[in-house]
Amino acid sequence: MTNDNKPLAGRVAWVTGSSRGLGRVMAEELARMGALVAIHGSRPDSPRTFDEGGTMEELAAEIAEATGADVTSTWGDVTSETEMHRVAEEIRGKWKKIDILVCCAGGDIGAGGTAVGRGGRPAQDDCLNISVDDLKSVMDRNLLGTMLCCREVAPEMIARKQGRIITIGSIAGCVGRPSGSIYSVAKAGVHAWTRSLAEQLRPHNIPVNCVAPGGTVTERFLRIHEIDDARLVTEGTLDRYGRPEEVAAVVGFLATDAARFVSGQIIRVDGASQTFAG
């Protein structure tokens, strides 16, 4: 049973990339809404990456205490089909099903991982000079990982004719850029994947949507970007950086029955920094 205070009560949510940053806040939002939440990082100690916590198990306990929800921790490489099957089976083993998938794992992180350079950003990140290893890493973390997780949950959702898939894109995927180019390409691919999957799952009553944030204040965002201090304000203007809870609120809405007829959409959460179609 659901109610106005806990609209996701009884539903199982898997949030990839939720060890820190945006994904963590999304997981907390779904937990507050009553969902049973599986948080997911790449390693058991993923929250330590940017000093945002300790272990995945400790993070699960923190979210559970803060929200009163049942939260479990998982970890594994989203670019590995075998690993994503294992993680999904762990979640099903605990709660029998997965009702909501949020694909938040990604980022402009090269082959060396987050410990290299500025938060893992490739030193050369344009169309012509990025190394092939870094190119593959950025594409796989964002696009392939999203594909594999969606492919893991879609069959059970089809069988039930019920479920929600929410991918996380970026406004970077809506434009061409001379720097950060491969991240833009990867997120554009996530947008196209979302639209295509929405068409395929439409007859099965499964909405598929993408949330595309603009610049949003997280620990990694602050470390890797040249920050305009004037845009760190939190009210009085939309010409500012977003906050994770503003993105998470849209994810939460898309997971509820209120969004049951919304599908195939790329929803930008960017304070109107982009107002063109597409």
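**Local packing in a predicted model**

Leaving aside neighbours within four places in sequence, Leu36 is in contact (heavy atoms within 4.5 Å) with Gly10, Arg11, Val12, Ala13, Asp70 and Trp95. The structure is a predicted model, in which local features need pLDDT of at least 70, side-chain atom pairs count only at pLDDT 80 or more, and totals for chains, interfaces and linings use all residues. Residues are numbered from 1 along each chain as its sequence is written, and side-chain values use heavy atoms, with hydrogens and water left out.

Leu36 belongs to strand S2, residues 36–41. Helices (H or I, at least four residues) and strands (E, at least two) are DSSP runs, numbered from the N terminus. Leu36 is partly exposed, at a relative accessible area of 22%. Here buried means under 20% relative accessible area, exposed means over 50%, and partly exposed lies in between (1.4 Å probe, protein chains only). Ala13 is 23 residues from Leu36 along the chain, yet their C-alpha atoms are separated by 6.1 Å. His40 also lies in strand S2. His40 is buried, with a relative accessible area of 1%. A polar atom of the His40 side chain lies 3.0 Å from the backbone oxygen of Gly76.

H1 is mostly covered, with 11 of its 12 residues buried. Among them are Arg24, Glu28 and Glu29. Just after H1, Gly34 takes a positive phi of about 105°.

An α-helix has 3.6 residues a turn, so residues three or four places apart point the same way.

Two loop residues were then considered. Asp108 sits in the loop between S4 and helix H4 (132–160). Asp108 is buried, at a relative accessible area of 7%. Its side chain makes a polar contact of 2.9 Å with the side chain of Arg121. Another polar contact, also of 2.9 Å, joins the side chains of Asp108 and Arg220. A polar contact is a pair of N or O atoms within 3.5 Å; within protein, one must be able to donate a hydrogen and the other to accept it, and residues adjacent in sequence count only if both atoms are side-chain atoms. Beyond four places in sequence, Asp108 touches Gly120, Arg121, Pro122, Val138, Tyr183, Arg220 and Ile224.

Ile171 is in the loop between S5 and helix H5 (181–201). At 16% relative accessibility, Ile171 counts as buried. Ile171 and Val211 are 40 residues apart in sequence and 9.3 Å apart in space, C-alpha to C-alpha. Residues touched by Ile171, not counting those up to four places away in sequence, are Ala212, Pro213, Gly214, Arg268, Asp270, Ser273 and Gln274.
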